[in-house]
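Hello,

Here is the structure I promised to pass on. Please open it first, then read my notes below.

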Amino acid sequence: MTAFDVAALRAQYPILRHGLGDGRPLHYLDNGATGQMPQPVLDAVIAHETTARSNVKRSVHTLAERATGAYDEARDTVADYLNVAAREIVFTSGATLAINLVAHSFGSLLNEGDAIAVSELEHHANLVPWQMLAQRRGLRLIRLPMTDDGRLDLGAIQHLLDARTRLVAVTHASNVTGAITPVAQVVAMARTVGAKVLVDGAQMAPHGPVDVPALGCDFYAFAGHKMGSPNGVGVLWGRHDILAAMPPFLGGGEMIRSVGFEQSSYAKPPQRFEAGTPPIAAAVGLAAACRFHAAIDQGGRGASARPDRQADRRAARDRRQSPAPDRPRRPRGPAGAGVLRHRGNSPPRPVPDPRSAWCRLARRPSLCPGAARSFRYRRIGAGKLGCVQ
């Protein structure tokens, strides 16, 4: 669309075509709570679920590679939407979890007597986590007031922040008044006392691409559902050096580098903060939503405005995911993790961890006759032991 065409935009939302069922059209004005899905998002999710549904980063079969590629590309697209590096994008279940992640992980680095400054304009998601953190760690909460017309009182901020202020948490756009916070000015004042700044962008991100580096903040969080993506996906952007210094928030698969019985070591960001199976299809839908909003944002410098950057990323990813023909595919994952080996067009077979109960029983068939099969052990990859049939 080259101009704002209400009818053309409305036609992009199937739910608006159905009306209320009694002949009256549907007029939806609750985007502050959740956005409706445009057709391109629905198409992207359906296409993924019907052609690439699988888990990511764990297998080498075709669907798994498609899913992994789609998930990686979703991260690239969101990064372009915010004008940041893909390695700084953490997928979460929503803005609330993104803020709680910072409260728990970054918050664990704070000491008793430190302070968190929170404005009076905040959604509960950007207030309650800081209250809970203050109670756990013995921190102070500094209230940043608003003016009579519902805007952040910039004149009061400089006088309220002190040398023990470690974080300033503000909304980018209020979910009540719609007032837009001059984030760059808040960041400048926070820097005078050495404080970091977290921005809740849940209400701002749906209005088009956000130039996060221009804001100067340290964390930026938003929810996918307000942009018209499926529920259950959100984004935390954080400066890479800060993310790298933060401990994990949740434990489980995919966030580890190596696992032992007594202790484990953790992956680098962003994987460190993405424990378990991520919201794959929802992330694909969020990427489609980012492209949709970037395309209709006439003044934005959206993801669609930089196809060369995305094309370069896709080409590099395709090279990484295309093994040479008739050569064994190297196992993925850290030493000790179960991997799949695949040679040529033969079907892949599961490779148990040689230290697992199954492989140990296979070496002692008297304890488990069903495990007495012809296993043999060989080195695969860089010193990794594999157990293959």
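**The cavity**

About 60 Å³ of space lies in the largest cavity. Keep in mind that this is a predicted model. The count comes to one cavity of 30 Å³ or more. Rolling a probe the size of a water molecule over the atoms shows where empty space is left.

Which residues line the largest cavity? They are Val56, Lys57, Tyr71, Arg75, Glu254, Gln271, Glu274, Gly276 and Pro278. By class, this lining has three nonpolar, two polar and four charged residues.

Most residues other than glycine have a negative phi, and most peptide bonds are trans. Here are some places to check against that.

Start with Glu254, one of the residues that line the largest cavity. Its phi is near 75°, a positive value in a residue other than glycine. Glu254 sits in the loop between α10 (240-245) and β8 (256-259).

You will find Asn83 in the loop between α4 (62-82) and β1 (89-92). With a relative accessible area of 23%, Asn83 is partly exposed.

Now look at Pro269 and Pro270. A cis peptide bond joins them, with omega about 5°. Pro270 belongs to the loop between β9 (264-266) and α11 (280-296).

**The nonpolar cores**

In soluble globular proteins, nonpolar side chains tend to be buried together. Look for that here.

The largest nonpolar core has 56 residues. Leu82, Val168 and Tyr220 have the most contacts inside it. Which element gives the most to this core? That is α11, with ten residues.

Take Val168 as an example. Leaving aside neighbours within four places in sequence, Val168 is in contact with Ala117, Leu144, Leu161, Val186, Ala190, Ala195, Lys196, Val197 and Leu198.

There is also a second, separate core of 24 residues. Trp130, Leu139, Leu167 and Leu236 are among its members.

Is His48 buried or exposed? His48 is buried, because its relative accessible area is 5% and the limit for buried is under 20%. Not counting residues up to four places away in sequence, His48 touches Arg53, Ala67, Ala70, Ile280, Ala281 and Val284.

Ala44 is buried, with a relative accessible area of 16%. How far apart in space are Ala44 and Ala282? The C-alpha to C-alpha distance is 9.7 Å, yet the two are 238 residues apart in sequence. Leaving aside neighbours within four places in sequence, Ala44 is in contact with Val284 and Ala288. Val284 is on the contact list of His48 as well.

**Cysteines**

How many disulfides does the structure hold? The number is zero. Cys217 is buried, at a relative accessible area of 0%. Cys290 is buried at 0% relative accessibility.

Best wishes

How values were computed
Residues numbered from 1 in each chain as written. Predicted model: local features only at pLDDT ≥ 70, side-chain atom pairs only at ≥ 80, totals over all residues. Heavy atoms only, no water. Helix = DSSP H or I, 4+ residues; strand = E, 2+ residues; numbered from the N terminus. Buried < 20%, exposed > 50% of the residue type's maximum accessible area, 1.4 Å probe, protein only. 1 Å grid on protein atoms, 1.4 Å probe; cavity = no way out; pocket = protein on both sides within 12 Å on 5 of 7 lines; lining within 4 Å. Points joined across faces, edges and corners; volume = space filled by probe spheres on them. Nonpolar A, V, L, I, M, F, W, Y, C, P; charged D, E, K, R; others polar. Disulfide = S-S within 2.5 Å. Core = buried A, V, L, I, M, F, W, Y, C linked by side-chain atoms within 4.5 Å. Contact = heavy atoms within 4.5 Å.
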